[in-house]
Amino acid sequence: MEKKYWQSFGELNNSEAYQKSSKNEFKEDLPFDAEKGLLEAKTPRRDFLKYLGFTTAAAAVAASCEVPVKKAIPFANQPEEIVPGVANYYATTYVQDGDTISVLAKVRDGRPIKIEGNELSPITGGGTSARVQASVLDLYDGARLRFPTIDGKESGFDAVDKAVIDTLANAGNIVFLSSTINSPSSLEIIQKFLAKYPGSKHVTYDAVSNTGILLANEASYGKRAIPSYRFDKAKAIVSIGADFLATWISPIEYARQYAKGKKINDANPEMSKHIHFESVASLTGSNADDRYLHRPSETGTIVVALLSALKGEGINGIADAKLKEGIEKAAKTLNEKKGEALVVCGSNDVNIQIVVNAINELLSANGTTIDWSSTNNARKGIDADFAQLVEDMNAGNVGALIVLDANPVYTWGNIDKLKTGLDKVKVKISFGSKADETTQKCQYVIPNHHFLESWGDAEAKTGHYSFIQPTIYPLFKTRHWQDSLLKWSGDNNDYLNYLKIYWSTKLTGANAWDKALQDGVVINTSSISTTTAYNAASLTSAIANIQPPKTGIELQLYQKIAIGAGQGSANPWLQEMPDPITRATWDNYLVVSPAMAKSLLKIDLSNNGQSDSYEVNPSKKVVEIKVNGKSIELPALIIPGTHPETVGIAIGYGRDKKMGKTVVDVHDKPIGVNVYPFAEFINNTVSFDISNVELKLTDKKYPVALTQTHNLYNTSQGKRTEVVKELTLDEYKENTKVIIEERDKELKPFGGIAKFKEEGSIYKPFDKPGIKWGMSIDLNACNGCGACVIACNAENNIPVVGKPEVLRFHDMHWMRIDRYYSGDANNPNVVFQPMLCQHCDNAPCENVCPVAATNHSSEGLNQMTYNRCIGTRYCANNCPYKVRRFNWADYTGSDSFPNNQDELNNAVHYMNEDLTRMVLNPDVTVRSRGVIEKCSFCVQRLQDGKLKAKKEGRPLKTGKDGEWDLKVACQQACPTEAIVFGNVNDSESVISKVRQDNNRLFYSLEFLHVLPNVNYLAKVRNTEAEA
Amino acid sequence: MIIRQITKTILLSTIILFSAIYSNKSSAQDGKALFNTYCAACHKMDKDLTGPALMGSEERWGNDRKKLVAWVKNSANVIASGDKYANEIFAKWNKLPMTPFESMLKDAEINAVLDYIKDWKPASAPVATTDNAVKTAPDKNTLYLGIITLALALAALILLFVKRNLKKLSNETLGIQAATPIPFWKNKSYITLVVLLLFISGGYMVTKGAIDLGRNKDYQPVQPIFYSHKVHAGVNQISCLYCHGGAEKGKHANIPSVNVCMNCHKSITEYSGEQLYDGNGKKVDGTAEIKKLHKYAGFDVNNANAWNPNDAKQIEWVKIHNLPDHVYFNHNQHVEVGKVQCQTCHGDIPKMDEVKQFSDLSMGWCVNCHRETKVQFKDNGFYSIYEKYHKELKNGKLDSTKGITVEKIGGTECQKCHY
């Protein structure tokens, strides 16, 4: 039987509404009322004449206008390193709440416009995430604080310094509260400050902490630290709720390592096996070879059961048969791969993590897949420290509170107690760069620089130093927070001086400082894994203290890959990025399983009528969620892969409106709901797993902007097998050529693979005499994280359209990541497929364009000429991949008629502010209303790369000898190197080698003979074949 | 046979002769080019500029070429060696050291420059170009064609009248009643004809006007400072790239910043050349214009050493060459890779006082050039990947005299300039 792939429930059931919707590229009808006929339509003859008259008059006026005088204003004193129109790249570091990624900032004419990964960093190898890519937009955020304030009134730095020094002198105990800081020089400055004020202390507070792991490691290994996990060395990976590809500790690093184990080649068809246990569908769970569902409260029991199963002592306390089978399978797999096995767990419970340590010890992971030679500094906060601080504040023991980056008023669960505590603190100082919830409570606000304006250093992992250098003069009256602390502790150095002095003793050799800044990274650690002595003393009591599973409905709060713990909530790029799992934008919502949909929402997905009304209608049923007397209302989305008795809600929403225009909707109400107050502080750690949840269906409805059912394409066969290809490891091992043979069979009537190009059509193929561009995407390496989507946004000036427009199917992303389900509808397998313009050599869009606005280049590019386009949209209709986007409105503010933007929401207007527009890439045209746009293969980069080669008088290099003249934006951003791009005509290029070496190669919808220039490598899943 | 022999000999000897002449000339040519690139910013032959006039410098140095070369390479060394003339001239020029050229020029190149200086003689007035002659030819043709057309039309009209009168006469003889004659302004055929003619000519003019919308050929705005390219690039032969260095490095040729102007105008504070006239024929005081620059730069002539480039204010020049935003144009590509001369697109700038837009910068103009211009197909290693073309050039399938044009390698495709 042919395997069925489905993107929506309608497609699974092949419902009527699905069949109807997949026929039309554009979902909206033309603005004519079909019943009444064209003449009685909304636009009658008189209106037509009015418009005709107006446009003629407007054109005449516009034509008679004088050509405006433009000025060319050169520098008064031109800096040596700036050549107008040529971009400079500066190595710097993205730092946010402990996340530390070495990056290069592309600076064009003095303004940073794009973030690229730093390939010299051994941690990320040049990979980035959606949030790293989007961080450049935060620099130009109009909601950033523009000057220091005292009690909300503008002030100067000197005045604030004087006032603060005076008050701090007799404020009593001072507490410096921050999220994780891993900058060695800054930590030294903090110590200096604390020494100056006796009785003061530093409290680290992470919104989503790893307290459980830190304390468990202290108990088991005597180190309060997070080791380096080596997913690349692991042949067997078991994760119990750790979303390590998306949000857990150091996801870019792990994704890169994980992909190494998943990349498979014909010569050596081996890959790692990943078994995942989770409660709410996550990105990591969706990438797993096998996924098992459990209640959040069952985590402890599962971990203990796994330990005993590994010891061969059998499994106790697991009622669910499937889950039990999963644990047995996990134990078997792990036992087979001892020394190459790794178990990670996302729980924040110390006892559970102690048991996980015991499991890893049993698997001899210590020293192999768990490396103690270098520990991870991403999260250092201990929840109990902050809880103690809240107690101290309430007891009146805190005289002054200095807050940096931490935002407990938004993220702490017991908000009332925190607020009363804060009121008792006399002096409150914030270094917040925006008026976030905590900063609003502070009298003194000295806004910190954005990282792209800062100097600094960071130590992501011990011995891995990364440097921060400014790429633009501070836009506003902001200051390094380190400067403030230095001043207040009586040090006359500014931070830059301090930093130079700090590193002068640590870096050796001439020009070492300059080199460190230029490279961005300094590595001072050995690459040999080390072990640490294990102490099993705490294990018995830990097992005894593990709570038994609960009953009833449970709630799990989770982080979205784009929004994180709330850091991405004010960034329109991140808000508009469809979540890889739910494919929703601009909201948080209640995630429920199909089973619960039936009982709670009264939606039976196997019933066509009900699934259609759920899917076709963007308005979703609203559910009331009640926990401990607190109650909120959220729309419900049905997401398979979620435990039937568990619901999930993303944190990071419901922000204060001072965070920016994009955190509120058109009615000025916050987007989504803040669910941090549901978090519980139990057993000295914050838990996001909540039991005793009451759910009640309301009769309200709320629209959610889902992109899942956009861009459908119904093939004549009505199957999805042509779009993605997937096979199991066993099938692949048996015959590595299975995909090629399948393709050859399909193409046999048209000459087979070898002659398909020539014989599949009556037209002759065109020559590509010099360069022919091509892309390859490895579906085994791609985990759907979305870094490429945001990189594409930033590189190509892709407009933000806002929620109302996404609801109308007007999303503009040039690149999307399609999510395909297959198998069990309650716990399906998932395939992520990045979909972009395939640059077909025989493109169906080209021959339907009446004005030749889209045509083909001799290098194989499907070109789009915006100025020729008259907006017929024939091309989009004729595109089998549905990758062409139409500018329905003036999203970019490039028209001269302001009324064209009337209906657009805050987010669009925000993106059109002068400040925000500084992020635009000057090499790419800003498209106006009424034209089609699509992926250009980053043609500006291609031209630039070619120019570089021409200037040096040598052939272009796309990966030959490891040298690259160009990388396209999505390829550069990808943390797993799933995307390879280059010149196919060059046999030495990486793309050519990938195509030669991989029998998994296939083209999406190949039988159409559109001859795409993008190929995919089929997904191989390390699991048993489905029955 | 004999004649062929003779022609062959003549041809050969001419070629040899010419090549001999040109090869002899080449070093002086290089010298001139090098002079313009490296020296002309500070030196003139017959006049003191930032540095001394160079005519006769070799004699002043006592014909000691070696010492002179050493001076050019690094003047400080020669001064330090205690050379008398070196110290004299150093003192004379306010101890302003000459830029050392050690790293930029080889000995042979310095010698070429010195040869050029030695042989240089004040030139007579430049010969006016005769491109007018080429232009008049097509004009004459159109004139003739016009006259012929008019004559023919007149003849046709006369014949028509003759025909009508003859018909009238024959009708009268046959006794057919002629209709009452209609005056010609009420004649429908005439009205139709006139309307048609008006429609066609009107349509032609509207279309032509519409096409020219936004095109600004010959645009010559008044600039904040009367900056004469003729004085700088023409008379003083400063290389274009000295000021517009961006053309070699990036997308924009860029207008020089004030500190670049001041490199020379710190010492050149007066204009003493030929009288300048603006576009309306009014006299322009060159010295006053230099003073304007000094004002922008915040430069005090009497206190030259106190000048700080950071005090300068930006000059708001009026942009002449405007391309629409949806066009990507890269100077670097054309100047460095394509080896296109600045004058090809910008006209004979060294002869313009105030610059005007020479080309219409229309898409047709761009495309035409891309169709006709050859790329450095054999010289630039980048094009080695076009194996097919290389083969076809060798086996004669492609006309090697025509070469590989920009169009041939995809230079007229949309996304070469629009993205």
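Which domains does the domain assignment of chain A give? This is a predicted model, and the assignment gives domain 1, made of residues 5–14 together with 712–1021, then domain 2, covering 222–376, and domain 3, covering 554–706.

**Stop 1: domains 2 and 3**

Select domain 2 and domain 3 of chain A, whose centres, taken over C-alpha atoms, are separated by 27 Å. Between them, 18 residues of domain 2 are in contact with 22 residues of domain 3. On the domain 2 side that touches domain 3, helix H9 (283–287) and strand S13 (290–293) of chain A each supply at least two residues, and H9(A) gives the most to that side, with 3 residues. If you colour this side of domain 2 by residue class, you will find 7 nonpolar, 8 polar and 3 charged residues.

**Stop 2: Gln257(A)**

Next, select residues 251–262 of chain A, which form helix H8, and pick out Gln257(A) within that helix. Is Gln257(A) buried or exposed? Gln257(A) counts as buried, because it has 25 C-beta neighbours inside 10 Å, and the cut-off for a buried residue is 20 or more. Leaving aside residues up to four places away in sequence, Gln257(A) touches Arg230(A), Phe231(A) and Asp232(A). Draw a distance from Gln257(A) to Phe231(A), and the C-alpha atoms will be 5.2 Å apart in space, although the two residues are 26 apart in sequence.

**Stop 3: Trp586(A)**

The backbone deserves a look here, since most residues other than glycine have a negative phi. Phi of Trp586(A), by contrast, is positive, with a value near 60°. Trp586(A) counts as buried, because 23 C-beta neighbours lie inside 10 Å.

**Stop 4: Lys602(A)**

Finally, select the loop between helix H21 (594–601) and helix H22 (608–616) of chain A, in which Lys602(A) is found. Lys602(A) is not a glycine, yet its phi is positive, at about 60°. Which is Lys602(A), buried or exposed? With 10 C-beta neighbours inside 10 Å, Lys602(A) counts as exposed, because the cut-off for an exposed residue is 12 or fewer.

Conventions:
Residues numbered from 1 in each chain as written. Chains lettered and ligands numbered in written order. Predicted model: local features only at pLDDT ≥ 70, side-chain atom pairs only at ≥ 80, totals over all residues. Helix = DSSP H or I, 4+ residues; strand = E, 2+ residues; numbered from the N terminus. Contact = placed C-beta atoms within 7 Å. Domains from an automatic or database assignment. Nonpolar A, V, L, I, M, F, W, Y, C, P; charged D, E, K, R; others polar.
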